[in-house]
Amino acid sequence: MNDKIITARLTLKFEKDDENKTYLASQYYKLPLQVLPPHYQDDDGTAFVYLLNPSGGIMQGDHLYTEAYLGNQSSVVITTPSSTKYYKMEDEAAEVENVFYVGEKAVLEYLPEHSVPFNHADVIQRNKYHIAGDSTLIALDCVTSGRKAKGEHFGYKRFCSRSSIWVDEKLVLLDCMDIMPEAFNVKNKGIMEQNDITAGMYLYQKGAADQIITEIRENFQPIGKIKAGATKLSDDLVIIRIMGRSIIDYKDTVALLWNQCRMTMLGKKAVRFRKY
């Protein structure tokens, strides 16, 4: 993390046992990062894990580092119980780095809740996925305009989120979302326009891109004030852009998308998370 001191760290290692069940083989955390024990909502041994920040949010000068290792043939769903809040930052930015290593024939579904930068927040986030060529990835990254209900609308300094996917250590995707309301008008055409939410969903499975695109275009429809579009980047990789003005509609849309992608890529339905 650019040689800066890591103020919080979370390291997770998952393995698959002889009964086809994925378990948390080892963990290390330094507050304010923490993890709940896995629970199981599918009948195929997939581990569901909640990442926590018991301090409530991220402050200036925080440098948070999370890494997760998925052993061969393991299957893990990682999420957060609520949105990630970034508080006011007068002097220094906060940095968040999430790194995932996904083994052969393993499945990672990384579906965190949305980010909410408060007024004057300054955020740099990096999501890195190092995956095996025969693995499966469903990942999500979302940011909002801020605490809209409190009258905060793109009042933050910067929210920069970079997502990269490496397949067998070859870079196949580098996607950067860099929103700087103080530097340019985010309402300009081609940026945020009238939207308060922007998100990217990344889907990887060897040889599955055409089927994913077909199923999404034939069976998926965004909810309410949400717009979404899917693009095939290669035979193995699809990205879905999501924008809108209602966080409720966004959550409902993502739930439908996740269900559609799970059915296409994994042959099973999505489950309902218990949160908040």
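**Entry 1**

I call a residue buried when its relative accessible area is under 20%, exposed when it is over 50%, and partly exposed in between. D122 comes out at 13%, so I log it as buried. I keep in mind throughout that this is a predicted model.

**Entry 2: the whole chain**

I went through the secondary structure and found two helices and 17 strands. Next I looked up the radius of gyration, which is 18 Å; the globule rule gives 19 Å for 276 residues, so the chain is as compact as a globular protein of that length. Along the principal axes, the C-alpha atoms fill a box of roughly 50 × 45 × 35 Å. I also noted that 53% of the 276 residues count as buried.

**Entry 3: salt bridges**

How many salt bridges does the chain have? My tally says 16.

I began with E109 and R262, whose closest N and O atoms are 2.7 Å apart. This pair joins distant parts of the chain, since E109 is in strand β9 (residues 107–111) and R262 is in helix α2, 153 residues apart. Are these two partners buried or exposed? E109 has a relative accessible area of 0%, so I put it down as buried. R262 is buried too, also with a relative accessible area of 0%.

I then turned to K251 and E113, where the closest N and O atoms are 2.4 Å apart. Here again distant parts of the chain are linked: K251 belongs to helix α2, E113 to the loop between β9 and β10 (115–117), and 138 residues separate them. K251 has a relative accessible area of 26%, so it goes in my notes as partly exposed. E113, at 14%, is buried.

That brought me back to D122, which meets R158 in a salt bridge (2.7 Å, N to O). R158 is partly exposed at 25%, while D122 is buried at 13%.

**Entry 4: a network**

Which residues are linked with E109 and R262 in a network of salt bridges? I wrote down D42, D44 and K268. So the E109 to R262 bridge I looked up in helix α2 and strand β9 is part of a network.

**Entry 5: charge on the surface**

On the negative side I found E104, D134, D168 and E169 forming one patch. I checked D134 in particular: it sits in the loop between β11 (122–131) and β12 (136–144). Its relative accessible area is 35%, which makes D134 partly exposed.

On the positive side, K189, K225, K227 and R245 gather in a surface patch. Where is R245 found? I located R245 in the loop between β17 (237–244) and α2 (247–266). With 45% relative accessibility, R245 is partly exposed.

**Entry 6: for my next look**

One is helix α2, which holds R262 and K251.

Notes. Residues are numbered from 1 along each chain as its sequence is written. This is a predicted model: local features need pLDDT of at least 70, side-chain atom pairs count only at pLDDT 80 or more; totals for chains, interfaces and linings use all residues. Side-chain values use heavy atoms; hydrogens and water are left out. Patches are made of residues with over 30% relative accessible area and no salt bridge: like charges are joined within 9 Å, nonpolar side chains (Val, Leu, Ile, Met, Phe, Trp, Tyr) within 5 Å. Accessible areas come from the Shrake-Rupley method with a 1.4 Å probe; for residues, only the protein chains shown count as cover. A salt bridge is a side-chain nitrogen of Lys or Arg within 4 Å of a carboxyl oxygen of Asp or Glu. Lys and Arg count as positive and Asp and Glu as negative; His and the chain ends are not counted. The place of a charge is taken as NZ of Lys, CZ of Arg, CG of Asp or CD of Glu. Helices (H or I, at least four residues) and strands (E, at least two) are DSSP runs, numbered from the N terminus. Buried means under 20% relative accessible area, exposed over 50%, partly exposed in between (1.4 Å probe, protein chains only). The radius of gyration is taken over C-alpha atoms; the globule rule is 2.2 Å times the number of residues to the power 0.38.
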